[in-house]
Structure formats: structure tokens, C-alpha cells
Amino acid sequence: MNLDFLGWSNFFAHSFAPYRQQGFCVGRVAIEYRNTYIVYSEQGELTVEVTGKLRHQATKAQDFPAVGDWVIMQARESQGRATIHGILPRKSKFSRKTVGSKTEEQIVAANIDTVFLVCGLDGDFNPRRIERYLILAWESGANPVIVLNKADLCNYLDDCISEVEAVAIGVPILILSATTNQGLDALKAYLQPGQTVALLGSSGVGKSTISNQLKGASVQVVQPVRQGDDRGRHTTTNRELILLPSGGLIIDTPGMREIQIWAGDESLQGTFADIEALAAECRFRNCQHNHEPGCAVQQALLEGELDYSRFLNYQKLQKELNYLVRKQDQRSQLAQKERSKKIHKAMRHHHKH
């Protein structure tokens with residue numbers, strides 16, 4: 001396999017140079033299983049696992065390879081196998097908070113150029129969910145593109161497009177119907193050789209149908225969505241890097257039942273630039289946009305310039321981000337305490353001897 005077709009660039013070549021001199025090879029993670037990975041490389045497709053040292057040094061989930069990562073490897077005697085010694089710096093990463101009570105980052109896809117945020121134009125159409133995905137997309141360092149699928153099932157197409165334009169300010173919006181192959185050509189502009197696109201969206205929006213149509217073969221098993229609620233059954237079970245005939249690459253991801261925010265304040269501000277601009281005009285700098293005099297946000301709501309449900313979602317997501325920051329601070333304080341304890345213990349032990 002040619003590394004350039006896998007998305008290799010000077011950015012990665014520069015980081016890899018010292019390892020190349022030591023005789024290591026490089027590859028890109030295509031599929032992640034529990035303890036092993038499938039990696040594409042110049043030696044072909046390899047089954048690899050991380051070294052004991054890397055496993056031991058990894059303190060957080062993001063210290064392990066994710067789909068889309070470039071990894072530093074050493075080939076093993078047995079054919080088609082290798083071990084991962086390290087991960088090259090990521091140029092972008094799409095993350096969410098891990099599902100459950102842990103405050104940890106889960107990397108969904110790494111080293112992506114474009115994120116296709118796929119949304120169904122059927123009963124599952126939800127502009128609030130698009131806002132949530134946009135925050136994560138801006139945070140990732142990749143460029144978001146909104147893909148509205150199932151246009152053939154939508155009777156209010158113009159209204160839906162207007163709603164999305166109002167929330168996805170300045171973001172390209174593509175309309176398609178993947179099952180009937182309509183509008184797919186517009187996606188191909190983002191899938192030039194060596195370009196990586198991640199498909200993200202909730203279950204049943206048609207991500208696997210899109211990847212199958214682009215690939216021209218049934219790579220991902222597609223199941224019909226359930227009648228009644230337009231929700232898909234989880235069709236894609238593993239994230240997978242798929243090579244396309246065009247030379248582009250797509251990472252198809254399982255539908256996300258809950259997409260928890262893992263982002264900073266700037267991504268929220270970028271997603272809700274209209275509300276941020278209004279807030280800058282409020283009389284008080286620390287305006288909470290409730291009942292303060294001279295509140296430009298409340299004025300815009302009264303005059304119907306700002307959609308009330310968009311504003312409520314903005315407040316909700318802001319609370320989520322603030323909570324996340326507090327939890328992260330608590331974690332780093334606990335980790336600091338643990339480190340200090342270990343140092344003091346080591347010093348006491350040293351003085352005894």
C-alpha cells in the first residue's frame with residue numbers, strides 16, 4: 001500500500017524521521033478491536049498489538065491508538081504481524097466524553113480532514129443534535145460539512161434546510177438520498193486521494209449506506225431502520241477506516257446513542273457565534289441573559305430574531321461544558337495529590353536508609 005494514499009503527509013514524515021533511522025516502520029490504524037488492531041502499511045494489512053511498555057505507560061484511554069492514528073511499529077517474525085511502540089502526533093481528533101460516569105476522553109477518529117455530520121431528513125431530523133455535533137467537530141480541528149440524507153422521505157425540504165442554515169452558520173450543507181444514489185457526487189469533492197473523512201451521526205441516519213455507495217460495494221452491513229421511530233439498529237459495530245476507489249478514505253463510526261461533549265469554550269462560541277455576538281452587546285459584561293436590564297439576547301428573543309429552543313440548547317451545552325471543566329479540575333487535583341504522596345513516601349524511605 002502506498003502511504004500517500006493512506007493520508008501520509010510531511011506533518012507525519014517529520015515526526016517519524018528519528019524512528020525511521022532506528023529501523024521502525026509506520027502504518028495507519030484501520031480497525032480497533034479489544035486488544036489488537038488492524039493496520040494498513042507498506043507491508044500490506046497487519047494484525048498488531050501494543051507493546052507491554054506502551055500499555056504500562058498509558059495512563060488514559062487516549063494514550064492508546066485510535067482508528068486513523070499513524071503508529072510506529074516493529075515487524076515480527078510471523079508473517080503479517082507487528083507490535084506498536086508509539087503513536088505519531090495527531091493533526092486532528094474527534095473526541096467525546098466516554099459513555100458512563102467516568103470523566104475521560106474517548107477518541108472516535110484521528111487525523112481526519114473533514115467531518116461529515118450526517119442527519120436524517122425523516123422523523124429523526126433534529127437541529128439541536130446538529131448543534132451538539134458541531135461543537136465537537138469544531139473542537140476536533142477538522143472541517144465540518146453537514147450531510148442531510150433521506151431527502152426522498154422529506155416533504156418540507158426547504159424548511160429543514162433553512163433550520164440547518166440558521167444553526168450551522170457558514171458550514172457547507174449537502175443534500176442527498178443515499179439509497180437512490182442522488183447527490184452523492186457532491187461528497188466526492190471532499191474525498192480526493194489521501195483525504196480522510198469521518199462519518200458521524202446517530203444510529204439509522206444512513207452512514208453505512210453512504211459508505212457502501214462511495215465504495216461501490218457492500219462493506220458495511222446495512223439494516224433497515226425500525227418502523228415507528230426512524231431509529232436505526234446499530235449497524236456498524238466497529239469504527240473502520242475504509243479505502244475508496246477514488247483514493248480518499250472514510251472512517252465509518254457506529255451510531256452514537258448519546259454523544260457527550262468533550263470540548264472547550266471556543267468550540268461552543270464558534271457554534272453559537274450569533275448568540276455570542278448578541279451577548280457582546282448586553283449592558284453588563286457578566287449578563288446571564290435572564291432578566292437583566294439592557295440584555296441584547298432577551299431583546300432578540302422577544303423580537304423573534306433568535307430561536308428560543310436554540311438559546312435553551314446553548315445554555316444547556318454551556319452547563320455541560322462547565323460541569324466537564326469542574327470534573328477535570330477535580331481529577332487533576334486528585335492525581336496531583338497521589339503524585340505528592342508517592343514522592344513523600346519515596347523520600348521517607350530514602351531517609352530511613
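Me: Why does Cys282 count as buried?

Reply: This is a predicted model, and in it Cys282 has a relative accessibility of 9%. Buried means under 20% relative accessible area, so Cys282, at 9%, counts as buried. Cys282 lies in the loop between α8 (273–279) and α9 (296–302).

Me: What makes Cys287 buried or exposed?

Reply: The relative accessible area of Cys287 is 9%, and because buried means under 20%, Cys287 is buried. Cys287, too, is found in the loop between α8 and α9.

Me: Which residues is Cys287 in contact with, leaving aside its neighbours within four places in sequence?

Reply: Contact means heavy atoms within 4.5 Å, and with those neighbours left aside, Cys287 is in contact with Cys282, Glu292 and Cys295. Cys282, not counting residues up to four places away in sequence, touches Cys287, His289, Gly294, Cys295, Ala296 and Val297. An unreviewed UniProt entry places the feature "binding site" at Cys282, Cys287, His289 and Cys295.

Me: How do helix α3 and helix α4 pack, and which residues make the contact?

Reply: Helix α3 (residues 127–140) and helix α4 (residues 157–167) pack at an angle of about 35°, with their axes 10 Å apart, and their crossing is right-handed. Pro127, Arg128, Ile130, Glu131 and Leu134 of α3 make the contact with Glu163, Val164 and Val167 of α4.

Me: What kinds of residues are in the contact of α3 with α4?

Reply: The residues of this contact divide into five nonpolar, no polar and three charged.

Technical notes: Residues numbered from 1 in each chain as written. Predicted model: local features only at pLDDT ≥ 70, side-chain atom pairs only at ≥ 80, totals over all residues. Heavy atoms only, no water. UniProt positions renumbered as here; feature names shortened; annotations may be inferred. Helix = DSSP H or I, 4+ residues; strand = E, 2+ residues; numbered from the N terminus. Buried < 20%, exposed > 50% of the residue type's maximum accessible area, 1.4 Å probe, protein only. Axes fitted to C-alpha atoms, helices over the stretch in contact; angles between N-to-C directions. Left-handed = near helix turned anticlockwise from the far one by under 90°. Nonpolar A, V, L, I, M, F, W, Y, C, P; charged D, E, K, R; others polar.
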